[in-house]
Amino acid sequence: MSVAAQVVHTHSKVEPAVAFDVERIRADFPILRERVYGHPLVYLDNAATSQKPDAVIQAMLEYYRHDNANIHRGVHLLSQRATNAYEAARSAVHAFLHSELASEVVFVRGATEAINLVAQTYGRVHVGPGDEVLITAMEHHSNIVPWQILCEEKGATLSVAPIDDRGEVVLDEVQKLLHPRTKIVSITHVSNALGTVNPVREMIRMAHEAKAVVLVDGAQAVPHLRVDVQDLDCDFYVFSGHKIYGPTGIGVLYGKAALLDQMPPYQGGGEMISSVTFEKTVYNKVPHKFEAGTPDIGGVVGLGAAIAYISAQGVDAIGMHEHALLMYGMEKLSAIQGVRIVGTAREKAAVISFVMDGIHPHDIGTILDQEGVAVRTGHHCAQPVMDRFGIPATVRASFALYNTEEEIDALARCIKKVKEVLG
Amino acid sequence: MSDLRDIYQEVILEHAKAPRNFRELVDPHQKAEGSNPLCGDRCSVSVAMDAAVIKDIAFQGSGCAISRASASMMTQALKGKTKEEAERLFHDFQEMVTGGNGHSDMGKLQVFAGISGFPTRVKCATLAWHTMHAALHGGREPVSTE
């Protein structure tokens, strides 16, 4: 073991194969060699979607070139290979989330579909007139609208726990809003617009005391944090593959086996059945009960490769690197006169949302783009968060394992240019 | 390659900072709301007609420099125009900012020609125009650029 590797080892619970070397990691991502308007690409829109390493691109390519077949049917060799690849990815997610069983992992299109699945199955059975669903004021639209649809259908109420000026959820208010009619609590682990890391373990404990089940939206958490669903004791946990260096169109619903077993199916079709006659259909067991139709097998293979890639780097090592970038970025951007950071929670993931005096985020985004710096501008599918802070939009820079301090310097330099052009 | 100066011209920045006709008409004959759901920009346009002629036109809302300047200069360009002239100008403006050739001389509005090099900003430039169009047609439903 090299000296550098030993140093990492002392800081990390996992053992990365080699020391965290951002230049080596950057070499794994072919898109980072793109040039934008003649400038090197500075990709700081990772909370929207992350870039894909060669390992993921190659795994999907190899699957389609060598193994492609439908799964769980057919006795031929390719079908067996495709099935093995698909189920190996399920095992990888099972290990990644530290679930008790691999069968607690359901493949879906993404976090959005996972939330809709829970709302339309568990929700429709367990939420009735006068009941309540509790969310927080920092949720993404995908963790608001499915519950609004459910509540409207059932005559239930959607209640919202407020956030404070730092962008932290107010736990006392959560406690007050929890009562015997609260059937479901659905909360984000990390806010996409503010970067806030919620104290979900504590919130889950509070919700369970009130006998509510808890769904955690982990879309923004899994790229940055080690997640252990058994330790959290959440009932459902959802995330999207494309935010953790996997392909778009594939995601995960984790659910406790006891809950998934009793839930009705979401969609009917092939794969999700044991037997079908015109009189009666017997549903397949979980997770297959929730995977009607031929799934995105290539996407699942890509997701499995992405998880293997992250695990090889070490989730904790990635988290440390990103935290250092966050600290550096917060300091750099706060030092620029006229820049105001929105979202200053004490526990924060690698997301910096900001506004500038008298300059609209959209104009900032265009000028940064011309310099090769990709950021997100807008409401980030979290309009209630924008309303809470009395702003129409923010600029959001979000970091990944391949970002560097030099890229944050480039961002800061370009923000100064924005002031020159528009100030 | 398009240059930033193509869109952030002096006259555009000046209108963005101090938009003209940025107010609510006391007694508008027609009014419409518009929004760009992608960036959260909002715009309302109110129009007072004198027979077939736009006697007064004003806008309000929040948005980027491009959308504010575009709304401001639109109100200046349309005052005194007939409904038909306004519609023709809207068509020509859209044609110009999307890089088409089928438009006549745009006068002062020509400063927005550079938008065609920035496709993601076309909606910013046209939001007020779409809203004006809805106002002239007595649109009850808010218009959206999506």
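Student: What describes the packing of helix 13 of chain A and helix 15 of chain A?

Tutor: Two packed helices are described by an angle and a distance between their axes. In this predicted model, helix 13 and helix 15 of chain A pack at an angle of about 115°, with their axes 9 Å apart. Their crossing is right-handed.

Student: What makes A:Ile364 and A:Val418 part of the contact?

Tutor: Two residues count as in contact if their C-beta atoms, placed from the backbone, lie within 7 Å. The residues that make the contact include A:Ile364 and A:Leu368 of helix 13 of chain A, and A:Val418 and A:Leu422 of helix 15 of chain A.

Student: How many nonpolar, polar and charged residues has the contact of helix 13 with helix 15 of chain A?

Tutor: Seven nonpolar, no polar and two charged. Asp and Lys count as charged; A:Asp363 and A:Lys417 are among the residues of this contact.

Student: Which element of chain A gives the most to the side that touches chain B?

Tutor: The contact takes 16 residues from chain A and 15 residues from chain B. Helix 13 of chain A gives the most to the chain A side, with five residues. By class, that side has seven nonpolar, eight polar and one charged.

Terms used:
Residues are numbered from 1 along each chain as its sequence is written. Chains are lettered from A and ligands numbered from 1 in the order in which they are written. This is a predicted model: local features need pLDDT of at least 70, side-chain atom pairs count only at pLDDT 80 or more; totals for chains, interfaces and linings use all residues. Helices (H or I, at least four residues) and strands (E, at least two) are DSSP runs, numbered from the N terminus. Axes are lines fitted to C-alpha atoms, for helices over the stretch in contact, and angles run from 0 to 180 degrees between N-to-C directions. A crossing is left-handed if the near helix is turned anticlockwise from the far one by less than a right angle, and right-handed if clockwise.
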